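Subject: Handover of a structure and notes on it

Dear colleague,

Please find the sequence and the structure below. My notes on what was found follow directly after them.

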Amino acid sequence: MPPQVVRYVAGKLGIADPGVLSSYAVGDARWDHQAEIRREYGLREWAEPAVQAEVIDWLQARAWVGAESHRVLFDRTVDHLIASKVLLPGASVLWRVMGAIRQRANERGWTLVAEPLTDSERERLLGLLVATGEGGDTPYERPIP
């Protein structure tokens, strides 16, 4: 973190020696602080299996019925975690969980569409998605004459 930011934050917190903050990033103090925050505010930890199961169920339902962008889904997940009193995990953790869940929802949708098709129907459908001709357009993307 830039030294001027550390000095500014230390000043706002009334810390006379901003140097003490540097040990916070490398020692166990940050974990102690996290536990203190959880106790003080009654927050649950992301690592709890029940918390993850609850959030995954919520995400699966959301990914199945909605067409939200990844960013919007991320923001709504953060809002949901805050409302559910869960101490937020790292952004990359949420991003990976959301990606896996969205992939499963997509695969479920594709299976529901493709499973009842005959082989002939499946071939015709796939033919609409293969790029042919000028510009690399697929028959699905070309306007109907």
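Which side chain meets that of Arg 44 in a salt bridge? The partner is Glu 54, at 3.2 Å from N to O. A salt bridge here is a side-chain nitrogen of Lys or Arg within 4 Å of a carboxyl oxygen of Asp or Glu. Because Arg 44 belongs to strand 1 (residues 44-45) and Glu 54 to helix 3 (residues 49-65), the pair ties together parts that are 10 residues apart in sequence. Helices (H or I, at least four residues) and strands (E, at least two) are DSSP runs, numbered from the N terminus. Arg 44 is partly exposed at 25% relative accessibility, and Glu 54 is likewise partly exposed, at 31%. For these terms, buried means under 20% relative accessible area, exposed over 50%, and partly exposed in between (1.4 Å probe, protein chains only).

Before going further, please note the basis of these remarks. The model is predicted, so that local features need pLDDT of at least 70 and side-chain atom pairs count only at pLDDT 80 or more, while totals for chains, interfaces and linings use all residues. Residues are numbered from 1 along each chain as its sequence is written, and side-chain values use heavy atoms, with hydrogens and water left out.

Other salt bridges

A search of the whole structure finds 6 salt bridges. One of them joins Asp 75 and Arg 71, again at 3.2 Å from N to O. These two residues are 4 apart in helix 4, and therefore about one helical turn separates them. Asp 75 is partly exposed at 33% relative accessibility, as is Arg 71 at 48%.

A further salt bridge links Asp 119 with Arg 122, whose closest N and O atoms are 3.2 Å apart. Both residues lie in helix 6 (residues 119-127), 3 residues apart, which means a separation of about one helical turn. Asp 119 counts as exposed, at 59%, whereas Arg 122 is partly exposed, at 29%.

Thr 77 is located in helix 4 (residues 70-83). Is Thr 77 buried or exposed? Its relative accessible area is 0%, so Thr 77 is buried. Leaving aside residues up to four places away in sequence, Thr 77 touches Val 55, Trp 58, Leu 59, Leu 94 and Met 98. Contact means heavy atoms within 4.5 Å.

The surface and the backbone

Asp 28, Asp 32, Glu 36 and Glu 40 gather in a patch of negative charge on the surface. Such a patch is made of residues with over 30% relative accessible area and no salt bridge, with like charges joined within 9 Å. Within this group, Asp 32 has its place in helix 2 (residues 29-41) and is exposed, at 53% relative accessibility.

Helix 1 (residues 3-13) is hardly covered: among its 11 residues, the count of buried residues is 1. Helix 1 is followed by Gly 14, whose phi is positive, near 75 degrees. Lys 85, a residue other than glycine, also has a positive phi, near 60 degrees. Lys 85 sits in the loop between helix 4 and strand 2 (86-87) and is partly exposed, at 40% relative accessibility.

With kind regards

Notes: Patches are made of residues with over 30% relative accessible area and no salt bridge: like charges are joined within 9 Å, nonpolar side chains (Val, Leu, Ile, Met, Phe, Trp, Tyr) within 5 Å. Accessible areas come from the Shrake-Rupley method with a 1.4 Å probe; for residues, only the protein chains shown count as cover. Lys and Arg count as positive and Asp and Glu as negative; His and the chain ends are not counted. The place of a charge is taken as NZ of Lys, CZ of Arg, CG of Asp or CD of Glu.
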